[in-house]
Amino acid sequence: MGTKQLSGSVDAADLRRADSLAREIFSDVANKWAFLIIEALGEGTLRFTELRKEIEGISHKMLTQNLRMLERNGLVERTVHPTVPPRVEYTLTDAGQGLRATVDSMCDWTHRYFGHIEAARSRFDA
């Protein structure tokens, strides 16, 4: 997928436009794995294996892809320490911490309405 360049135009920041950079960014970060990675890193710096243990069910490939995407979008910082073997750590940037507030709100919403959603699903599936 080609990356759109933010030219300073209002259109590039308009989520409603299919060709906007804002929609591309939204699409990148609005997935369950990205949310779970951001939530896990919100507690502090973690290594890859620690992240994988924190996020039950994520594959090596999905964690790698999502960490690269989050790093590309400036939400996660990857630090490689020159040891043998190399030690790699991941931490949220200021922008990532800003997104974490939104992720936390979504987690709170999920907990608040869990019973409501569970009941609606039961009625719908009956």
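Visitor: How many aromatic pairs are counted here, and how is such a pair described?

Guide: A pair of aromatic rings is described by the distance of the centres and the angle of the planes. Rings of Phe, Tyr and Trp (its six-membered ring) pair if their centres lie within 6.5 Å; planes under 30 degrees apart count as stacked, over 60 as edge-to-face and the rest as tilted. By this rule there is 1 aromatic pair. The ring centres of Trp109 and Tyr113 are 6.0 Å apart and the planes stand at 45°, so the pair is tilted. This is a predicted model, in which local features need pLDDT of at least 70 and side-chain atom pairs count only at pLDDT 80 or more, while totals for chains, interfaces and linings use all residues. Residues are numbered from 1 along each chain as its sequence is written, and side-chain values use heavy atoms, with hydrogens and water left out.

Visitor: Where do Trp109 and Tyr113 lie?

Guide: Both belong to helix 5 (residues 94-125), 4 residues apart, about one turn of the helix. Helices (H or I, at least four residues) and strands (E, at least two) are DSSP runs, numbered from the N terminus. Trp109 has 43% relative accessibility and Tyr113 has 37%. Each is partly exposed, the class between buried (under 20% relative accessible area) and exposed (over 50%), with a 1.4 Å probe and protein chains only.

Visitor: How is the packing of helix 2 and helix 5 read?

Guide: Two packed helices are described by the angle between their axes and the distance between the axes. The axes of helix 2 (residues 32-41) and helix 5 come within 9 Å and cross at roughly 110°; these axes are lines fitted to C-alpha atoms over the stretch in contact, with angles from 0 to 180 degrees between N-to-C directions. Helix 2 is therefore roughly perpendicular to helix 5 (65 to 115 degrees; under 35 is roughly parallel, over 145 roughly antiparallel, the rest oblique).

Visitor: Which salt bridges involve Arg100?

Guide: A salt bridge is a side-chain nitrogen of Lys or Arg within 4 Å of a carboxyl oxygen of Asp or Glu. Arg100 meets Glu43 at 2.9 Å, N to O. Arg100 lies in helix 5 and Glu43 in the loop between helix 2 and strand 1 (46-47), so the bridge ties together parts 57 residues apart in sequence. Arg100 also meets Asp104 at 3.9 Å, N to O. Shared partners join Glu43, Arg100 and Asp104 into one network.
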